[in-house]
Amino acid sequence: KVGNVLYSSTRSMIPVLRNCFVYFEMSVSSVPVLEGSNNMLLHHHLPPATLSIGLSTLEMPNQTLVGAWKGSVGLCTTGQILAAGQWCSPVDPRLSSYGNNGTVGCLVYLDDASAFQTWDGVMVTSSVTFNVNGQVVAQPLCAPPPVLDTKSTFSHHDDATRRSRDVHHPMDPQAGGPPTTTLPLYVPREEELFPTVTLHSPATQVMCRFCAEDIQATSRSTIGAPIGVVIYAVDGSVLFDED
């Protein structure tokens, strides 16, 4: 990040695939130290890296913290998750916080079969699981993000809530995945989801790992993926086969 804007966000050039499991990672790099005493002094006075890694749609402005906008979610360096403008308390911040030299992974399933009607249009559910350095983040203590307009009637709100609760999540116990690690995110059906990083601290570098050859994860358990399904990278390469 260069400049004095509060937040600087950037997305991948291509969205995640729909109706299948997609996994990507982002690694926070240490600030490079150039030769010279002044540079060494500057390096020691730099604050810890502060950023957020997650997913967003094209609707989110580039100077917005990922997760603060509807249809977006982000895991901050503090270990907290921000989903559609709602802060979520982690089960154990020590396991979900990260910084320089840390790697955050995100497993996502954008499910078109989960579509339901609201006053804001047709929404679909995206199931999101984060991990930090191979440790799956337990689902935070927060309610699902709101999907209905304030003009919605009580009966319509009740019906949409029931329908969203009845949506079959690909990572629920019936599908072989641990439910306590999955966070539902509601996205307009016509929108695509993009891997996104928001930088807050200056001189912060992040390496994006969007192909199977670059990803560090070596097992399904470290990313919270269910067994018996193909896991794809963002570029469409296969990370894990069905076996």
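## Close-up legends

Figure 1. Glu192 is partly exposed, with a relative accessible area of 30% (buried is under 20%, exposed over 50% and partly exposed in between, with a 1.4 Å probe and protein chains only). The model is predicted, so local features need pLDDT of at least 70 and side-chain atom pairs count only at pLDDT 80 or more, whereas totals for chains, interfaces and linings use all residues. Residues are numbered from 1 along each chain as its sequence is written, and side-chain values use heavy atoms, with hydrogens and water left out. Glu192 forms a salt bridge with Arg18, their closest N and O atoms lying 3.1 Å apart (a side-chain nitrogen of Lys or Arg within 4 Å of a carboxyl oxygen of Asp or Glu). Because Glu192 sits in the loop between strand 10 (183–188) and strand 11 (194–199), and Arg18 in the loop between strand 1 and strand 2, this pair ties together parts that are 174 residues apart in sequence.

Figure 2. Side chains of opposite charge can pair when their charged atoms come close.

**Figure 3. Val16, a buried residue in a loop****.** Val16 is found in the loop between strand 1 (8–11) and strand 2 (21–29), and with a relative accessible area of 2% it is buried. Leaving aside neighbours within four places in sequence, Val16 is in contact (heavy atoms within 4.5 Å) with Val22, Leu55, Val108, Glu192, Leu193 and Pro195. Val108, one of these partners, is 92 residues from Val16 in sequence, and the two C-alpha atoms are 8.1 Å apart in space.

**Figure 4. Ser27 in strand 2****.** Ser27 lies in strand 2 and, at 7% relative accessibility, counts as buried. Its side chain makes a polar contact with the side chain of Thr103 at 2.8 Å (a pair of N or O atoms within 3.5 Å; within protein, one must be able to donate a hydrogen and the other to accept it, and residues adjacent in sequence count only if both atoms are side-chain atoms). Beyond its neighbours within four places in sequence, Ser27 is in contact with Gly102, Thr103, Gln205, Val206, Met207, Arg209 and Gln216.

**Figure 5. Thr129 in strand 8****.** Thr129 lies in strand 8 (residues 121–132) and is buried, with a relative accessible area of 0%. The side chain of Thr129 reaches the backbone oxygen of Thr181 at 3.2 Å.

**Figure 6. The chain around these views.** The chain has three helices and 14 strands (DSSP runs, numbered from the N terminus: helices are H or I with at least four residues, strands E with at least two). Buried residues make up 48% of its 243 residues, and the accessible surface comes to about 11,900 Å², of which 55% belongs to carbon and sulfur atoms (Shrake-Rupley method, 1.4 Å probe). Among contacts between residues at least 6 apart in sequence, 69% join residues at least 24 apart.
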